[in-house]
Amino acid sequence: MIRIKNLSAGYFGKPVIEKVTMEFQPGKVTVLTGPNGSGKSTLLKAALGLLPAMEGEVLYGETDICLLKRRQIARKAAFLTQSRNTPSIRALQMVLHGRFPYLSYPRYYGREDYEIARGAMDTTGSRQHENTNITQLSGGQRQGVYLAMALAQDTRTIFMDEPTTYLDISHQFRLMETAKSLAREGKAVVLVLHDISLALREADVIAVFQDGRLLCCDTPEIVYQKGVMEEVFGVGIHRMDTPHGIQYYCTPKEV
């Protein structure tokens, strides 16, 4: 389990998040949400050691992240970034990059590495593209490859920064189902999302941020009842029972 205690972090000596305390639980899909600039991506980077803490601590189990080397962190937590370059290589070669934390230099992939990489592609539905140059894939297909690369790291925690951006609705559904499936396997899955309805419907835990502060971290039901998301996004949030379960939708906030 990764725990964050009184964490403050930011850039050029100026904090973006301040005194955040929360944990990422195995078997749970945790969604971080809030307006642009509220500190969600900064929190992910600090939790991965990509951004040093100004105050507080990040614990991997009982170990402070400051005591871990980059390779050790990469074996414990994977990161699907929001933006990335698209190199001209085959999809399978891209996924194999997820095995780097387990290889010495020069990197030679063994049979186990190929099995894990192809298994990750099966999980994300991208196996049929393994010999395709990723520059030739659609945005949704590329996302499946990049997610497979993160899964190939074989970590207990997976962070995803706005993974549904630019995806069509069917790929959004598939990605969220993959996230829930990973949680059922016992992994801690952490996503940054702006889609309120998707977060309320699919998350096990929702953490709401505003101006670098964690306002609420609880189940979707409690977050909905408190009206915290309505307040920070400035919208009305409603729900209805349907044959497919409770569905949420947003409307302009009444003045």
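The model is predicted: local features need pLDDT of at least 70 and side-chain atom pairs count only at pLDDT 80 or more, while totals for chains, interfaces and linings use all residues. Residues are numbered from 1 along each chain as its sequence is written, and side-chain values use heavy atoms, with hydrogens and water left out.

First, select Glu 202, which lies in helix 7 (residues 196-202); helices are DSSP runs of H or I with at least four residues, numbered from the N terminus, and strands are runs of E with at least two. Is Glu 202 buried or exposed? Because its relative accessibility is 11%, Glu 202 counts as buried (under 20% relative accessible area, with exposed over 50% and partly exposed in between; 1.4 Å probe, protein chains only).

Then turn to the lining of the largest pocket. A pocket is an open set of points on a 1 Å grid over the protein atoms alone, where a 1.4 Å probe fits, with protein on both sides within 12 Å along at least five of seven lines; lining residues have an atom within 4 Å of a point. Select Ala 78, Phe 79, Thr 81, Met 149 and Gln 153, which lie nearest the centre among the 19 lining residues. Now colour helix 2 (70-74), strand 6 (77-80) and helix 5 (139-151), each of which supplies at least two lining residues. Strand 6 gives the most, with four residues.
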